[in-house]
Amino acid sequence: MIRRIRVSPVNSLLFLMDAKGGRAPDPIWGQMIHSSPSCISFACFPEVDGPTEIAIGPAGEVQPEPLLVFKGELETPSRMIVLETAEHERILDVPVTRERTIVHLWYSHPKWPEKIVVGLD
């Protein structure tokens, strides 16, 4: 099942992690996406300019945006991924089938993505 939401998060930053939590990645100046084994942080459309459309679901079912900007593995021991803001506000919960999930991120624009698609394997 594909979940969709429109959001304007503070700092234009979102975090994807296991429902039991994760260690936020260390930021690297100039990069839009950061990851640790248990958390992926990514930038979205500037909050003052409007919402970002987020779609998240199985990689084979989502409609990708033009730019694949990330592909990596995320520890998901609870088999539930959450999408949170920098203020720890939970936006979405998505069940997954494994304790390690491959995450794909597609952006509609390389710097200011109005649409972001998250594909899960």
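**What I am working from**

I am reading a predicted model, in which local features need pLDDT of at least 70 and side-chain atom pairs count only at pLDDT 80 or more, while totals for chains, interfaces and linings use all residues. I number residues from 1 along each chain as its sequence is written, and the side-chain values use heavy atoms, with hydrogens and water left out.

**Salt bridges**

I took a salt bridge to be a side-chain nitrogen of Lys or Arg within 4 Å of a carboxyl oxygen of Asp or Glu, and the structure holds four of them.

I began with Arg-100, which forms a salt bridge with Glu-73, the closest N and O atoms being 3.3 Å apart. This pair links distant parts of the chain, since Glu-73 is in strand E6 (residues 67–75) and Arg-100 is in strand E9 (residues 100–107), 27 residues apart. Here I note that helices (H or I, at least four residues) and strands (E, at least two) are DSSP runs, numbered from the N terminus. Glu-73 is partly exposed, at a relative accessible area of 42%.

I then turned to Glu-53, which forms a salt bridge with Arg-6, and there the closest N and O atoms are 2.9 Å apart. Glu-53 lies in strand E5 (residues 52–58) and Arg-6 in strand E1 (residues 3–7), so this pair ties together parts that are 47 residues apart in sequence. Glu-53 is partly exposed, with a relative accessible area of 33%, whereas Arg-6 counts as exposed at 54% relative accessibility.

I also looked at Arg-90 and Asp-93, whose side chains meet in a salt bridge at 3.2 Å, N to O. Salt bridges that share partners join Glu-84, Arg-90 and Asp-93 into one network. Arg-90 counts as partly exposed at 41% relative accessibility, and Asp-93 counts as partly exposed at 29%.

**The E3 and E4 hairpin**

I next followed strand E3 (residues 33–36) and strand E4 (residues 39–43), which pair in the antiparallel sense over four bridges; two strands pair if DSSP finds at least two bridges between them. E3 and E4 form a hairpin with two residues between them, and I found Ile-33 standing opposite Phe-42 in E4.

His-34 is found in strand E3, and at 11% relative accessibility His-34 counts as buried. Leaving aside residues up to four places away in sequence, I listed the contacts of His-34 (heavy atoms within 4.5 Å), and His-34 touches Pro-25, Asp-26, Pro-27, Ile-28, Cys-39, Ile-40 and Ser-41.

**Cysteines**

How many disulfides does the structure hold? I find zero disulfides, a disulfide being a pair of cysteine sulfur atoms within 2.5 Å. The sulfur of Cys-39 is 14 Å from the closest cysteine sulfur, in Cys-44, and is therefore too far for a bond. Cys-39 is buried, with a relative accessible area of 1%, and Cys-44 is also buried, with a relative accessible area of 1%.

Note on methods: Buried < 20%, exposed > 50% of the residue type's maximum accessible area, 1.4 Å probe, protein only.
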